[in-house]
Amino acid sequence: MTHKKNFFIKAITALLAVAPIVSFSNCGKDEDKKEPYIPVKPVVQKSVHDVYVSLSYDNGPGSLNHAGYYHDGNLITLSGQADNADTYANSIYVDGYDVYVAGMESDDFGSTAVYWKNGEVNYLPQGSVASGIVVKNGNVYICGHEATMSGDVACCWINNKRYLLDNGTRTAGISVDEAGHVYIVGYYMDRTTYVCSMRYWTDSETGEISRYGINSKGSCEGRAVCLDYSHMKNGHPFICLAGMQSSASGITNKQWVERRETALATASGNEVTSMSACNGKLYTCGNDVKTAKYWVTTIGSAGEGLGLTAKALTDGTSQWKATGISVVEDDVYVVGYESKRTTTPKVWKNGELFFSLDGNVRMTPNAISVVTRQEIVDPSDTTMMKSTAPVIE
């Protein structure tokens, strides 16, 4: 018994002597295996604005006219199926990364309404000119007209299906709300007196596309339409329109919100071309005599234009015209050109020159589309931040 007892005591003593060594040895090995603490630097995104301009250009007198658009310093040519046909771009809409341009192809036999998606041409049935284009929820909405022997016929196309609007009329622009309701602006012209009557069409009230008029004291042409989502009426956004009213005293650039009229400028040679609404404000561009300009109003609860201000983009020494406007996150982008086409077309941002449409051809810009992109800054796969290991309590 004594012999066995001494054996167990010696064994326990030996284990106790080895245990600390094993414990410290294992701890040392775990520490050697641990990687240094390297927290991943968070991905940072910033909002950037991507600018697209639809335009028509030529290489000089006697050359063919080409449709195209300008993006990121590059001029992209849009061609039809006929090599000897002139093509014109009138409107542009960017949906994601898909670029849609509406316009026309013209040859000795007449003109055909077309639109391009990412450079591929599509011909519209029974149309001469496509003047506006919008894409919503994968559906393509286009306004335009057909030229006939008895006069123009305004129409629109939804996914290439044609809808008649009115005889004797032309369209100038189109908007579409989130529910797919269309809003189209244009005018009727009396072929005897050449007096114009402003009109707009929408299916938001009846479900069918119906015609509505704007009362004016003289000839009036509708030129632009947009929607104001900061105000709603009967479940629909406010309808904003722009046009020109002619009288003996000159031409008045005007805007209407829910048929409430605001005069912008009065002079001979005025023209209004495009409009955009953002965060309860309405922006309308064109020219005031020789000056490219845009006007800003705050939209009142009944559609009244409050606090009218004007921003001149050129100095008035030569004839300039602003042809397109797009407002994104309260930044105002305007494109324009000199009517004599002796200078390079320009894009302004918030009233200051943003960039010029450089090229070795004569360009006439017609519309602008600005979309918001999210740009990644300091991506985590290339930039990490080393620090000391955190204290674990």
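This is a predicted model: local features need pLDDT of at least 70, side-chain atom pairs count only at pLDDT 80 or more; totals for chains, interfaces and linings use all residues.
Two or more lining residues are contributed by each of the elements β14 (196–202), β17 (236–247) and β18 (250–257). Of the contributing elements, β17 gives the most, with four residues. Classified by residue type, the lining of this pocket consists of seven nonpolar, four polar and four charged residues.

A search of the whole structure for salt bridges returned 14. One of these pairs Asp58 with Arg362, with the closest N and O atoms 2.9 Å apart. Asp58 belongs to strand β1 (residues 44–58) and Arg362 to strand β28 (residues 362–377), so this pair ties together parts of the chain that are 304 residues apart in sequence. The two partners were assigned to separate accessibility classes: Asp58 is buried, with a relative accessible area of 6%, whereas Arg362 is partly exposed at 31% relative accessibility.

A further salt bridge is formed between the side chains of Glu178 and Lys136, with an N to O distance of 3.0 Å. Glu178 is located in the loop between β12 (169–176) and β13 (182–189), and Lys136 in strand β8 (residues 129–136); the pair therefore ties together parts 42 residues apart in sequence. Lys136 has a relative accessible area of 17% and is classed as buried.

The side chains of Arg223 and Glu271 likewise meet in a salt bridge, at 2.8 Å from N to O. Because Arg223 lies in strand β16 (residues 220–233) and Glu271 in strand β20 (residues 271–278), parts that are 48 residues apart in sequence are tied together by this pair. Arg223 is partly exposed, at 22% relative accessibility, while Glu271 is buried, with a relative accessible area of 18%. Both residues belong to one network, in which salt bridges with shared partners join Glu221, Arg223, Glu271 and Lys321.

The side chain of His71 makes a polar contact of 2.9 Å with the side chain of Asp50 and another, of 3.5 Å, with that of Tyr52. When neighbours within four places in sequence are set aside, the residues in contact with His71 are Asp50, Val51, Tyr52 and Ile76.

Definitions and conventions. Residues are numbered from 1 along each chain as its sequence is written. Side-chain values use heavy atoms; hydrogens and water are left out. Ala, Val, Leu, Ile, Met, Phe, Trp, Tyr, Cys and Pro count as nonpolar, Asp, Glu, Lys and Arg as charged, and the others, Gly among them, as polar. A polar contact is a pair of N or O atoms within 3.5 Å; within protein, one must be able to donate a hydrogen and the other to accept it, and residues adjacent in sequence count only if both atoms are side-chain atoms. Contact means heavy atoms within 4.5 Å. A salt bridge is a side-chain nitrogen of Lys or Arg within 4 Å of a carboxyl oxygen of Asp or Glu. Buried means under 20% relative accessible area, exposed over 50%, partly exposed in between (1.4 Å probe, protein chains only).
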